[in-house]
Amino acid sequence: MKRKLLIIALFCITNLFSQNVIITSIIEGNCPTGFGVPSIPAPEIIELYVDGSVDVTDLRLQFQFSFQDFWSLSTPIGSGIVSNDFLYVVNSTEAMEREFPGIRNESNTTTSTILFSVGGGDKIRLVDTSNSDEVIDIYGIDGLNGENETWNFNLSYAQRKNNELPSSNFVESQWDIFPKLTLFGKGECWDEQKLNQTITLQKFTIGNSLSITDFDSDKLSFHLKNPMEIGDKILIDSIDGLKNISIFSLDGKKIITNKNSDISFNFPGIYIVKFEFTTQKIITKKIIVE
């Protein structure tokens with residue numbers, strides 16, 4: 001008898017069916033102005049990851065200026081149900097496209113002019129407005145001036161470490177925080193190198209391994225270690241119903257297509273793996289190879 005299964009095996013059994021929204025990257029870019037240089041928006045970007053399927057309509061980012069002890073600004077992160085995907089809140093889609101081409105689209109990006117006012121010593125939190133502003137995740141210590149703190153991201157950026165879950169209390173050890181002014185003089189508005197030469201978006205992952213079966217078939221499963229290492233393979237337990245496997249780079253270029261055997265990764269990078277089945281079902285997964 002055919003069954004439709006969805007099995008996600010994560011590193012911790014308590015997170016087997018987790019549904020979380022996690023702040024994963026905070027970026028305050030830099031662009032020169034004056035002295036005959038036209039004003040170009042510096043990219044201000046907050047990246048979030050939706051783990052599982054979550055209706056994000058009532059979720060908001062709130063901001064607390066460095067010298068304040070209250071939360072005064074609020075902006076949505078998107079609408080509708082989002083499943084296992086990244087979302088972006090940006091000050092300028094132009095700046096986002098310029099520095100990180102091919103990442104954003106109409107469904108995963110929200111523009112908020114509030115970010116023009118947010119700086120490195122400020123605090124950021126994600127709340128559920130449908131539940132009395134319950135705090136889901138936070139960056140920075142509530143009520144503490146962040147100007148002289150180690151988590152200040154002034155003209156710099158911070159990225160969540162893999163496998164770290166959201167917390168209503170700021171845990172600095174969960175983050176890779178780069179020194180202030182790390183992004184000073186960097187980006188296409190300074191030279192020809194985009195910020196994606198310095199910062200990797202969509203880097204965050206949850207779980208050491210992933211096993212998914214999500215289609216009508218008597219027997220078919222495959223396993224992905226994520227992140228993977230050079231030489232690791234996508235292991236195919238059985239091929240009933242599997243039509244094709246394709247690997248793409250982030251810019252959409254097809255790297256390899258393989259119909260019958262396991263696929264190994266020979267170079268580091270971020271890839272999109274597409275599984276196609278005889279039932280016309282398609283599953284895509286983002287894989288990091290380190």
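Is Cys189 buried or exposed? I looked this up before anything else. Cys189 is buried, with a relative accessible area of 14%. I keep in mind that this is a predicted model.

**Entry: the disulfide**

I asked how many disulfides the structure holds, and the count is 1. Cys189 is joined to Cys31, with an S to S distance of 2.1 Å. I then checked Cys31 for burial. Its relative accessible area is 12%, so Cys31 counts as buried under the 20% cut-off. Next I looked up the handedness. The torsion about the S-S bond of Cys31 and Cys189 is about -100°, so this disulfide is left-handed. I also placed both ends along the chain. Cys31 lies in the loop between strand 2 and strand 3. Cys189 lies in the loop between strand 11 and strand 12 (209-212). The two cysteines are 158 residues apart, and the pair links distant parts of the chain.

An open sheet of 6 strands runs 7-6-3-2-10-11, with mixed pairing. Its edges are strand 7 (109-111) and strand 11 (175-177), each of which pairs on one side only.

I then picked out one pairing. Strand 2 (residues 20-28) runs antiparallel to strand 10 (residues 157-160), and 3 bridges connect them. Which residue in strand 10 is the bridge partner of Ser25? I found Gln159 there.

**Entry: the cores**

I turned to the nonpolar residues. In soluble globular proteins, nonpolar side chains tend to be buried together. Here the largest nonpolar core has 28 residues. Which of them touch the most other members? I list Val21, Ile23, Leu48, Val56, Leu61 and Ile77.

I sorted this core by element. Strands 2, 3 (44-55), 4 (59-64), 6 (81-90), 8 (123-128) and 9 (134-139) each give two or more residues to it. Strand 3 gives the most, with 4 residues.

I followed Leu48 in detail, leaving aside its neighbours within four places in sequence. Its contacts include Val21, Ile22, Ile23 and Thr24. Leu61 and Ile77 are also among them.

Last, I looked for another core. A second, separate one has 17 residues, including Ile22, Val90, Ile199 and Leu201.

Note on methods:
Residues numbered from 1 in each chain as written. Predicted model: local features only at pLDDT ≥ 70, side-chain atom pairs only at ≥ 80, totals over all residues. Heavy atoms only, no water. Pairing = 2+ DSSP bridges. Core = buried A, V, L, I, M, F, W, Y, C linked by side-chain atoms within 4.5 Å. Buried < 20%, exposed > 50% of the residue type's maximum accessible area, 1.4 Å probe, protein only. Contact = heavy atoms within 4.5 Å. Disulfide = S-S within 2.5 Å.
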